[in-house]
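Have a look at the model on the screen and I'll walk you through a handful of contacts.

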Amino acid sequence: MSAIRQRAALLARQARPQAVRDTRRYGSSHGHDHHHEHTVEEKLGTGFYLSAATLAGTWVVYKASRPGTDGELSTFSRWLKEWADLHQTWETRNDLLAAAVEQAAADRHLLLNAPRNRTHDLRFPEVFNTGSPFNVPAGHYVNIDKVVAHYQQQHLKEEERKAKKLAAAAQQ
């Protein structure tokens, strides 16, 4: 069955009319204007622009590489000298940065290895007695009279120091 079907499809294709191909006509449709030519604008290609740029660039490089009339340095030599001076500037900056980093590392080492202060300076000793005064079992609050005395002595010493400082400033 398949062979019969294939043969029928082939005969159907051959029986169809072929598409008519149009031939290209080069004549104009304007009648008698056969002597009038079409104008075509041809642009300059990229090759022209590349060769022109290459010539101009070569001339600029040549002029910049020649020394001056009075024995002065060429433009390229002056540019290179400016970059050499920049090298000195960057070397100085790098030295300063390295010294700063080393100093920061030494300071951090000192800070991390310093002994820690185990005491806490309190601004007011009553901080120990904060809390509700009601329903407190007997013996719950510790006697802090010694702590209060310590901070009172510290306050008196600080006041004496301030008084001496003001007296010394008044005498001058």
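So, Ser74 and Ser77: their side chains make a polar contact, at 3.0 Å. This is a predicted model, by the way, so keep that in mind throughout. Where does Ser74 lie? In the loop between α2, residues 46–65, and α3. And is Ser74 buried or exposed? Buried, with a relative accessible area of 7%. Buried residues make up 3% of the 172 residues in this chain.

Let me zoom out for a second. The chain has four helices and zero strands, so if you read from the N terminus you get α-α-α-α. The accessible surface comes to about 17,600 Å², and carbon and sulfur atoms account for 58% of that.

Now, on to the nonpolar part of that surface. Which residues make the nonpolar surface patch? Val61, Phe76, Trp79, Trp83, Leu86 and Trp90, and together they cover about 670 Å². Helix α3, residues 75–113, gives the most to the patch, with five residues. Take Leu86 as an example: it is found in helix α3, and with a relative accessible area of 37% it counts as partly exposed. That clears the cut-off for patch members, which is over 30%.

Stay with Trp90 for a moment, because there's a charge to look at there. Arg93 lies over the face of Trp90, and the distance to the ring centre is 4.9 Å. So Trp90 is part of the nonpolar patch and also has Arg93 over its ring.

Next up, rings with rings. How many aromatic pairs are there? The count comes to one. That pair is Phe48 with Tyr49: the ring centres are 5.5 Å apart and the planes sit at 70°, so we call it edge-to-face. Phe48 is partly exposed, at 44% relative accessible area.

Okay, charges. Side chains of opposite charge can pair when their charged atoms come close. How many salt bridges does a search of the whole structure find? One. Arg161 forms it with Glu158, and the closest N and O atoms are 2.5 Å apart. Why do those two line up? Arg161 and Glu158 are three residues apart in helix α4, residues 145–171, so about one helical turn separates them. Both partners are partly exposed: Arg161 has a relative accessible area of 45%, and Glu158 comes in at 32%.

Last stop is the loop between α3 and α4, where Arg123 is found. Is Arg123 buried or exposed? Exposed, with a relative accessible area of 84%.

Methods:
Residues numbered from 1 in each chain as written. Predicted model: local features only at pLDDT ≥ 70, side-chain atom pairs only at ≥ 80, totals over all residues. Heavy atoms only, no water. Helix = DSSP H or I, 4+ residues; strand = E, 2+ residues; numbered from the N terminus. Buried < 20%, exposed > 50% of the residue type's maximum accessible area, 1.4 Å probe, protein only. Areas by Shrake-Rupley, 256 points an atom, 1.4 Å probe, with all protein chains shown as cover. Salt bridge = Lys/Arg side-chain N within 4 Å of Asp/Glu carboxyl O. Patch = residues over 30% accessible without salt bridge, like charges linked within 9 Å, V, L, I, M, F, W, Y side chains within 5 Å. Phe/Tyr/Trp six-rings, centres within 6.5 Å; stacked < 30°, edge-to-face > 60°. Lys NZ or Arg CZ within 6 Å of the ring centre and 35° of its normal. Polar contact = N/O pair within 3.5 Å; in protein donor to acceptor, adjacent residues only side chain to side chain.
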